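Dear colleague,

I am passing the structure on to you below, together with its sequence. My notes on what was found in it follow, so that you can read them with the model open.

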Amino acid sequence: MFEGLRFKHWHASEDDNGVVLLALDREGTSVNALSRAVLDELAEIVERLAIDNPPGVVIHSAKPSGFAVGADIKEFVTYAEAGTVQENIENGQRVYENLARLPCPTIAAIHGACMGGGTELALACRYRIVADDDTTKIGLPEVMLGIFPGWGGSARLPRLIGAPDALQAMLTGKSFNPRRAKAVGLVDRLAKPDELLAEARHFIRRPTPRPFAQRARAWATNTWLARQIIAPMVRKQTAAKVRKEHYPAPFALIDAWQRGGSDINQRLKLEARGVAKLAQTPTARNLIRIFLLQERLKGLAGKAEHRIERVHVVGAGVMGGDIAAWAALKGFEVTLQDREMKYVEPAITRAQALFEKRLKSPAKVDAAMARLKADVEGAGAANADLAIEAIFENAQAKQALYATIEPQFKADELLATNTSSIPLDELRGKLAAPQRFMGLHFFNPVAQMPLVELVRHDALDAASEKRGLAFIKALGKLPVPVKGTPGFLVNRILMPYLLEAMRLYNEGVPGPVLDREAKRFGMPMGPIELADTVGLDVCASVGAELAPFLGLELPQGLEGKIQDGKRGKKDGQGLYAWVDGKPQKPPVDENYTTPPDLIDRMILPMVNEAVACLHERVVDDADLLDAGVIFGTGFAPFRGGPIEYARSEGVAKVRERLQKLAQRYGERFMPKAGWDELG
């Protein structure tokens, strides 16, 4: 059928029944990202299929990594810069629509990651079959990039599975696992991974019609009346989670769906125009930049291998226990040490809950629990490939521990500290092998926070650093290498924000007002709620370490609360009272007037410290700094990070705002060294 045609990214063959097997295998890459070249070849193939009309077509991936990860984002950036987004979206829509109109039956055979444009390719097929495996995920996560599905996803998915399930998937970016996809009607059949293609060929010859209930629900939730009823409800629910001026994409998606009628061409036009408009917004530019930075962080280890099988964690408190649990969850053999078993048991209990939540299967939970062993005697230190110290923040105590465990180490064993603020030059002084010592600074809660700071010092060798970066990647976390100065990167930038918020709180600004205004700026959580969540004792400890270095003063009132056992969320009482894990924020007097410079007082100290960190080369460049602060603190992602925020606001203007704050409130706001370098 394809004699004389050569393709770089697709491989075509026929089985004994004449069914065409079309394998996507983008040349020179480990994953299938859908570039213009890939789509152009597909267009040529579809044109030939329309003429030859085979008995069926099976589209699958030749990559072990999965079906397709979506559009080529770097290519999309070039379209946005050239102003050709709509043209290229419409091209992709035409290719997929021609595929959807083929007279022969088509089926997408999906394994592994099937995201964005890959899912839209599958939606353009008549049927879908997936490998019933934990690695199989199907989703439309474009909203995470500040846009929404543009190659027919928003036009087709609601009509296939019904508006409620489709909108929830597209508005959250959450993916479907195989069984959920089958339940909602996104896929027609599940198959064993090693039988996927055989099942696809069988199904395409003898397709099973979708259940009537699924088809009826899909129709009923997309009628004109249903769209006018559902859209306002979904819009209100979305507005309760994100602000339209910060994240316009979810609202644009709802509008496009509400206006879309029964004609697929009309729905595709609305989709293309909506996505093209969103692509020009600062939010989309920043979120796409963050996505690319995330990919950069994942690649920092290069091809280095961590060579770590066994991990020994010393300190079974919240951080140490949760680091140990996460490592066991990710397949490492872990021993957890503390002074007595009574300190280890709570960590084991938390680990059990984590495994049950994440792994579901009792057999997998049992296997993870078997990988996590209590080790009060500390015997695991001698057999580990990596030892992680996670005891309390005291340099002398940490050094005493190193003196005890380092002599037990086998050759090439790495030693890491989870210190959140103590300079590594201070900690490494008496080590026999400082070249294999580093900081691995996790953030609380470990299971949710994606960032780990790999903390450097002058004696750390490059090979050990690469092993550390590879280990972080194996944990499913994002590494950012930082200099071992006080507070490293994230805590150093976060602390001025928290301390200024506490100062404002002591000046009489209500906690709920501080939290509300911070969230209005785009922070995921307000500073008062954050201080309670982290723990006032932790804030005080880190603050005591950093305040002299940063030239700041600790606010009054923290020590008294800590001594009274009111450390925040973990005690049920802190700056707020906590009930069932939620803060009980007192009402604010309706006549209260928010100070006009409140946001600047909280946010600009972070920006100022970020500039100082960049100047001092705490990180290698501004992109890594922005990535670290976003993934480590949740700093308003749509703003692109503190350095990007300063540049977008105007470096000279932000500097001037700091100078005005310094004149009014004191020297702590004076612009630090490095502003001239931003240009």
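**Cores, cysteines and backbone**

Leucine 625 touches Leu489, Ile493, Ala610, Cys613, Leu614, Val619, Pro642 and Ile643, leaving aside residues up to four places away in sequence. Please keep in mind throughout that this is a predicted model. The largest nonpolar core has 128 residues, and Leu625 is, with Leu440 and Tyr497, among those with the most contacts inside it. Helix α25 (residues 598–615) supplies the largest share of this core, namely ten residues. Another core, of 73 residues, lies apart from it and includes Leu22, Ile138, Ala163 and Val275.

Cysteine 114 is in no disulfide, and the nearest cysteine sulfur, which belongs to cysteine 125, is 9.7 Å away. Cysteine 114 counts as buried because its relative accessibility is 0%. For cysteine 539, the closest cysteine sulfur is that of cysteine 613, and because the two sulfurs are 18 Å from each other, they are too far apart for a bond. Cysteine 539 is likewise buried, with a relative accessible area of 10%.

Methionine 233 lies in helix α10, which covers residues 224–239, and it counts as partly exposed because its relative accessibility is 49%, where the cut-off for exposed is over 50%.

Most residues other than glycine have a negative phi, and most peptide bonds are trans. Against that background, asparagine 444 and proline 445 are joined by a cis peptide bond, with omega about 0 degrees, and proline 445 is found in the loop between β17 (437–442) and β18 (451–456). Arginine 307, which is not a glycine, has a positive phi near 55 degrees, and this arginine 307 is found in the loop between α13 (282–298) and β12 (310–314). Arginine 617 also has a positive phi, of about 60 degrees, although it is not a glycine. The loop between α25 and α26 (622–633) is where arginine 617 lies, and arginine 617 is exposed, with a relative accessible area of 51%.

With best regards

Key
Residues are numbered from 1 along each chain as its sequence is written. This is a predicted model: local features need pLDDT of at least 70, side-chain atom pairs count only at pLDDT 80 or more; totals for chains, interfaces and linings use all residues. Side-chain values use heavy atoms; hydrogens and water are left out. Helices (H or I, at least four residues) and strands (E, at least two) are DSSP runs, numbered from the N terminus. Buried means under 20% relative accessible area, exposed over 50%, partly exposed in between (1.4 Å probe, protein chains only). A nonpolar core is a set of buried Ala, Val, Leu, Ile, Met, Phe, Trp, Tyr and Cys residues joined through side-chain atoms within 4.5 Å. Contact means heavy atoms within 4.5 Å. A disulfide is a pair of cysteine sulfur atoms within 2.5 Å.
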